[in-house]
Amino acid sequence: QLLGWGVGVGGGIAFLLIVYAGFMIATAAGDPKRVQAGRELLMSAISGLILIILSIILLRIIGLNILNLSGLGFPSS
């Protein structure tokens, strides 16, 4: 349960950061520093989301397929 909750919270935070970065870029009014800050925030949020997805995939591969654990919160296939 903790894994599912953590992934949900992490994904939600990443989504909010992506929306905020888009808002920063859209309202920059030509200020290059603000556009750059928005781009950096956007790349960081996307990188974090990719990291969350890859960690879930890695846990599933190691936990279910290699070690045959069923207690990681994933349904066994």
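**View 1. Helix H1.** Helix H1 comprises 25 residues and spans 36 Å between its first and last C-alpha, close to the 36 Å expected at 1.5 Å a residue. Helices (H or I, at least four residues) and strands (E, at least two) are DSSP runs, numbered from the N terminus, and the expected span of a helix is 1.5 Å times one less than its number of residues. This is a predicted model, in which local features need pLDDT of at least 70, side-chain atom pairs count only at pLDDT 80 or more, and totals for chains, interfaces and linings use all residues. Residues are numbered from 1 along each chain as its sequence is written, and side-chain values use heavy atoms, with hydrogens and water left out. The buried residues of H1 are Gly10, Ala14, Ala21 and Met24; here buried means under 20% relative accessible area, exposed over 50%, and partly exposed in between (1.4 Å probe, protein chains only). These buried residues of H1 pack against H2, where a contact means heavy atoms within 4.5 Å.

**View 2. Ala21 in helix H1.** Ala21 is found in helix H1. Ala21 has a relative accessible area of 0% and is therefore buried. Leaving aside residues up to four places away in sequence, Ala21 touches Gly38, Leu41 and Leu42. Ala21 and Glu40 are separated by 19 residues in sequence and by 8.4 Å in space, C-alpha to C-alpha.

**View 3. The loop between the helices.** Ala29 is found in the loop between H1 and H2. The phi of Ala29 is near 55 degrees, a positive value in a residue other than glycine. Ala29 counts as exposed because its relative accessibility is 77%.

**View 4. Helix H2.** Helix H2 covers residues 32-66. Its 35 residues reach 49 Å from the first C-alpha to the last, close to the 51 Å expected at 1.5 Å a residue. Within H2, the residues Val35, Gly38, Ala45, Gly63 and Leu64 are buried. The cover over the buried residues of H2 includes helix H1 (2-26). After H2 comes Asn68, whose phi is positive, near 55 degrees.

View 5. Ile52 belongs to helix H2. Ile52 counts as partly exposed because its relative accessibility is 23%. Not counting residues up to four places away in sequence, Ile52 touches Val7, Gly10 and Gly11. Gly6 lies 46 residues from Ile52 in sequence and 9.6 Å from it in space, C-alpha to C-alpha.

View 6. Accessible areas come from the Shrake-Rupley method with a 1.4 Å probe, and for residues only the protein chains shown count as cover.

**View 7. The whole chain.** The protein chain has 2 helices and 0 strands. Of its 77 residues, 14% count as buried. The chain exposes about 5600 Å², of which carbon and sulfur atoms supply 72%. Among contacts with a separation of 6 or more, 39% are between residues 24 or more positions apart.
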